[in-house]
Amino acid sequence: MNLPNILLDKLKSANRILFFTGAGISAESGVDTFRGKGGLWNKMKPEELASFDGFMRNPNLVWEWYQYRRKVVRNTTPNPGHRAIAEFEKYFDTIDVITQNVDNLHRRAGSKNILELHGNIERNYCMECGKYYGVEEFLNSEEVPKCPECGGMIRPDVVWFGENLPDGIYETAVQRAQFSDVCFVVGTSAVVYPAAYIPTRAKEAGSFVVEINLEGTDISGSLDLSFQGKSGEILPEILAAVKEIREN
Ligand code: BV8
Ligand code: ZN
């Protein structure tokens with residue numbers, strides 16, 4: 001694929017690259033996205049499943065949904081898009097990954113500098129005593145398990161709608177986006193806030209913002225470049241160009 005010279009120039013001089021990712025980057029690993037074709041929200045309402053009230057209304061249904069998603073993630077692997085992002089670390093001083101995803105696939109692909117804005121489904125915690133757990137202890141629990149320490153309800157360590165993001169993580173994410181020389185926005189419909197503010201904050205601060213998405217989004221027109229296609233195909237192409245530029 002022929003990359004525009006402006007992008008090649010930016011990648012030549014850049015020190016800090018930031019990847020802001022959403023569910024689309026994991027689609028080629030077989031992990032359902034939320035919106036768009038085949039998205040989860042086409043079949044069920046986010047408020048019912050990814051919200052505290054939804055959980056309290058029907059804890060076992062929500063727990064079962066997360067157990068299903070954990071099984072999908074356990075039985076898949078990072079795809080070439082995740083791996084290309086991890087490999088960028090060889091060519092630049094700083095690579096930041098800011099993800100809305102909870103599937104842990106960036107870490108499994110080898111990325112080091114990751115901010116998980118919406119938590120991680122491979123962690124649980126007790127709603128009473130706050131004790132953190134992994135997923136192993138409850139692998140076969142079909143119902144919401146009780147905390148072995150205090151008997152409280154266990155929930156996935158993710159950020160539901162109406163819940164705050166983990167303390168300070170959004171502010172740190174914005175700061176890193178503002179310091180980036182190039183910001184890739186990958187596989188997100190950019191409709192969930194405050195995360196969806198990040199590409200705009202990067203652009204306002206002078207970062208060169210490049211979208212990689214299967215389809216156009218509400219922010220496509222406001223960015224510097226927008227590639228339509230699969231991240232698992234486009235990111236390796238950009239990495240190949242980077243190798244060319246940075247090795248010569
Ligand atoms: C909060 C849980 C403070 C974990 C999720 C303004 C400011 C602040 C808040 C709000 C605001 N406006 C509205 C709100 C409230 C709400 C919100 O944003 N609502 C939206 C829907 C209007 N935000 C919140 O509640 C947040 N909390 O702000 O706290 C507060 C407190 C109280 C009251 C008010 C404020 C919390 C938001 C987090 C919610 N939790 N998930 C889980 O179970 O996963 S959100 C969920 O959506 C996921 O985390 C997901 O990451 C996220 C975003 O979705 P995307 O990642 O973009 O995925 P999507 O499917 O939408 O798009 C995928 C894209 O990829 C598509 O475009 C597709 O075309 C593309 N694609 C597909 N395949 C490929 C591809 N691209 C490339 N290659 C491919 N192969
Ligand atoms: Zn407990």
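## Asn-120

Asn-120 counts as buried, at 2% relative accessibility. Buried means under 20% relative accessible area, exposed over 50%, and partly exposed in between (1.4 Å probe, protein chains only). Asn-120 sits in strand β4, residues 119–126. Strands (E, at least two residues) and helices (H or I, at least four) are DSSP runs, numbered from the N terminus.

The side chain of Asn-120 makes a polar contact of 2.9 Å with that of Glu-116. A polar contact is a pair of N or O atoms within 3.5 Å; within protein, one must be able to donate a hydrogen and the other to accept it, and residues adjacent in sequence count only if both atoms are side-chain atoms. Leaving out residues up to four places away in sequence, Asn-120 touches Val-102, Asn-104, Arg-107, Asp-157 and Val-158. Contact here means heavy atoms within 4.5 Å.

## Basis of the values

This is a predicted model, in which local features need pLDDT of at least 70 and side-chain atom pairs count only at pLDDT 80 or more, while totals for chains, interfaces and linings use all residues. Residues are numbered from 1 along each chain as its sequence is written, chains are lettered from A and ligands numbered from 1 in the order in which they are written, and side-chain values use heavy atoms, with hydrogens and water left out.

## Salt bridges

A salt bridge is a side-chain nitrogen of Lys or Arg within 4 Å of a carboxyl oxygen of Asp or Glu. The count by this rule is eleven. One network of salt bridges links Arg-107, Glu-116, Arg-123 and Asp-157. Of these, Arg-107 and Asp-157 also touch Asn-120.

## Two bridges at Asp-96

Asp-96 is buried, at 2% relative accessibility. Its side chain meets that of Arg-16 in a salt bridge (3.4 Å, N to O). Arg-16 belongs to strand β1 (residues 16–21) and Asp-96 to strand β2 (residues 94–99), so the pair ties together parts 80 residues apart in sequence. Arg-16 is partly exposed, with a relative accessible area of 26%.

Arg-176 also forms a salt bridge with Asp-96, at 3.5 Å, N to O. Arg-176 lies in helix α8 (residues 169–179) and Asp-96 in strand β2, so this pair too ties together parts 80 residues apart in sequence. Arg-176 counts as partly exposed, at 23% relative accessibility.

## A bridge between helices

Lys-243 and Glu-87 join their side chains in a salt bridge of 3.2 Å, N to O. Lys-243 is in helix α10 (residues 231–247) and Glu-87 in helix α6 (residues 80–87), so the pair ties together parts 156 residues apart in sequence. Lys-243 is partly exposed, at 29% relative accessible area. Glu-87 is partly exposed at 24%.
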